[in-house]
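Have the sequence open beside it.

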Amino acid sequence: MKFLILVGNYVIFIKKVFSKQEKNRIFFKNIGSELEKLGFNSIPLVLIISFFIGAVLTLQTAYNMASPLLPRYLIGYLTRETLLLEFSSTIVSVILAGKIGSNVASEIGTMKITEQIEALEAMGVNSISYLVAPKIISAMLINPILYIFSVFIGIIGGLLTGILSGVVNFEDFIQGLHFSFNSYYVVYSIIKSFVFAFIFTSIPAFYGYNVQGGALEVGKASTRAVVDSSIAILIANLILTQILL
Amino acid sequence: MVKAKGLYKSFDGRTVLTDINVTFETSKVNLIIGQSGSGKTVLLKSLIGLVGIDEGTVFFDDKNIKNLDNKQLKDLHTEIGVVFQGGALFDSFSVIENVKFPLNLFSNMTEKEKIERARFCLNRVNLDDVDNLYPAEISGGMKKRVAIARAIVLNPKYLFCDEPNSGLDPVNSIVIDNLIHEITHEYNMTTIVNTHDMNSVFEIGENIVFIADGNKEWEGNKDNIAQADNKKLNDFIFSSQLYKKIREKL
Ligand SMILES: Nc1ncnc2c1ncn2[C@@H]1O[C@H](COP(=O)(O)OP(=O)(O)O)[C@@H](O)[C@H]1O
Ligand SMILES: [Mg+2]
């Protein structure tokens, strides 16, 4: 029952996010600053993680292919599939739920407890759409781009490590990358990254907006936001995989 | 003039405001006084519409807020300036950006005109050379002054201040009080100030409403408050030794 009320309130909240905007000029300016804050600032993290995961995927696959009958190009193939299908969309989004989600929840929660949100309302601003819409839209714009970066850097990480450690040679790895390539998988993952971006900004914004009390509650809301958006991403992943594949 | 008529407000069945009827006059500093938790903030926010009221209504001059549509309410809000208790400055904006913010939303001024207007208001609250600092970098008293500058930037007809000198030292408190008093008369605003500061009461209380436990207990001004024969009010005003001694001399 409590859960249903929570979901109901979340749906009402989302409706308010996409109700009437303030002046367009201000809206686009806010999207610009959110793109920088949420998106560009996440690039280094995504690149580092993707590089190392790509590297480990390649090594793990190689070490687990004991049989000489298995072709070496499978190493490149499996690295690509893992990155393309799950890691760069789902796992990267779960990681971003930690980074961006906690940021969004604590920023909005702090604005709530320091009456900054009421200050906006007192000026006649629809605070929910003013604060939250630019965050959601920016994240949805940037997450597919982060996905593509992540796949590329992951593959480069795998390739370099594979060659340097001698578990696979360049030609085999590249052959694996081309092997049985299905471009629909990319479309599927990009759709997922849109949805996940919506989740990891809107849920934390919702929790932030409902903070009551002080700094302690902001911290709690932020933790809850990260946990719940991560879970929501994993559930959405399951549902989208059923629908799309 | 701002008028509350038969206001009731409760939270989860707990009554916070009971049948509040009060008129706040134009070109005066109207004080709402009372202990912490007596309902001052809830009353102030009910008047502005930040807290939904259960019963009753509020008039802004001849406008009954119950009869306004969304567009009219939005327009009314551009005539209201609010100074929140902690200042409620936007952390991610510099001082000048904070003051300019309402202009970005509601004026058609050029960037240059907006900056001029924001500078003018900052100057009015005696703040210079802090334009590019962020709220975290200025003192509590400065924050309140920036908040006042932001509240008056659109030339509001109504100014609401929630404990504008709480947390300030006595000197800065008086500076803020005087500032509010001056601008109220300079711009003929209807100013409503929440306070539990006795200095403010005797300095700027041109019209005073005392509330206790969400009830209006007394109404008057700084000239007759010391002679009031309301027990709750007397307990409140003369709670400190200093004011008790002053009263003996009166
Ligand atoms: N959002 C709210 N939910 C529940 N109770 C509230 C809320 N806001 C205020 N109250 C209660 O209303 C009473 C009056 O509070 P307030 O107006 O803030 O007092 P003060 O006179 O100190 O400004 C307090 O008992 C407070 O706990
Ligand atoms: Mg208060």
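Let's start inside chain A: S193(A) sits in helix 8 of chain A, which covers residues 184-209. With a relative accessibility of 1%, S193(A) counts as buried, since the cut-off for buried is under 20%. Keep in mind that this is a predicted model.

- What does S193(A) touch once its neighbours within four places in sequence are left aside? The contacts are N143(A), P144(A) and Y147(A).
- Elsewhere in chain A, helix 1 (residues 2-17) and helix 6 (residues 127-165) have axes that come within 8 Å and cross at roughly 90°.
- Angles of 65 to 115 degrees count as roughly perpendicular, so helix 1 of chain A and helix 6 of chain A fall into that class.
- On the helix 1 side of chain A, the contact is made by F13(A), K16(A) and V17(A). Helix 6 of chain A brings I128(A), S129(A), V132(A), A133(A) and I136(A).

**Chain B: helix 5 and what surrounds it**

- Helix 5 of chain B has 13 residues and spans 19 Å from first C-alpha to last, close to the 18 Å expected at 1.5 Å a residue.
- How many of the 13 residues of helix 5 of chain B are buried? The count is 10, so this helix is largely enclosed by the rest of the structure.
- The buried set of helix 5 of chain B is G141(B), K144(B), R145(B), V146(B), A147(B), I148(B), A149(B), R150(B), A151(B) and I152(B).

**Chain B: helix 5 against helix 6**

- The axes of helix 5 (residues 140-152) and helix 6 (residues 170-186) of chain B come within 10 Å and cross at roughly 10°.
- An angle under 35 degrees counts as roughly parallel, so that is the label for helix 5 and helix 6 of chain B.
- Helix 5 of chain B puts G141(B), K144(B), R145(B), I148(B) and I152(B) into the contact, and these meet N172(B), I176(B), L179(B), I180(B) and I183(B) in helix 6 of chain B.
- The residues of that contact between helix 5 and helix 6 of chain B divide into 6 nonpolar, 2 polar and 2 charged.

**Chain B: the open sheet**

- Chain B has an open sheet of 4 strands in the order 2-1-4-5, with antiparallel pairing.
- Strand 2 (14-24) and strand 5 (63-64) of chain B are at the edges, each with a single partner strand, so one side of each has no neighbour in the sheet.
- Antiparallel strand 4 (residues 55-60) and strand 5 of chain B are joined by 2 bridges, and F60(B) stands opposite K63(B) in strand 5.
- Helix 1 (residues 40-48) of chain B packs on the sheet and touches strand 1 (2-11), strand 2 and strand 4 of chain B. The direction of helix 1 of chain B makes about 120° with that of strand 1 of chain B.

**Chain B: hairpin and loops**

- Strand 9 (residues 207-212) and strand 10 (residues 215-220) of chain B run antiparallel, joined by 5 bridges. I211(B) stands opposite K216(B) in strand 10.
- The hairpin of strand 9 and strand 10 of chain B has 2 residues between the strands, and D213(B) takes a positive phi near 50° there.
- N155(B), in the loop between helix 5 and strand 7 of chain B, is a residue other than glycine with a positive phi, near 55°. N155(B) is partly exposed, at a relative accessible area of 46%.
- Buried or exposed: which is E163(B)? With a relative accessible area of 6%, E163(B) is buried. This residue lies in the loop between strand 7 and helix 6 of chain B, and phi of E163(B) is positive too, near 45°.
- D223(B), in the loop between strand 10 and helix 8 (231-237) of chain B, counts as exposed at 60% relative accessibility. The C-alpha atoms of D223(B) and N165(B) are separated by 22 Å, with the two residues 58 apart along the chain.

Terms used:
Residues numbered from 1 in each chain as written. Chains lettered and ligands numbered in written order. Predicted model: local features only at pLDDT ≥ 70, side-chain atom pairs only at ≥ 80, totals over all residues. Heavy atoms only, no water. Axes fitted to C-alpha atoms, helices over the stretch in contact; angles between N-to-C directions. Parallel < 35°, antiparallel > 145°, perpendicular 65-115°, else oblique. Contact = heavy atoms within 4.5 Å. Nonpolar A, V, L, I, M, F, W, Y, C, P; charged D, E, K, R; others polar. Pairing = 2+ DSSP bridges. Expected span 1.5 Å × (residues − 1). Buried < 20%, exposed > 50% of the residue type's maximum accessible area, 1.4 Å probe, protein only.
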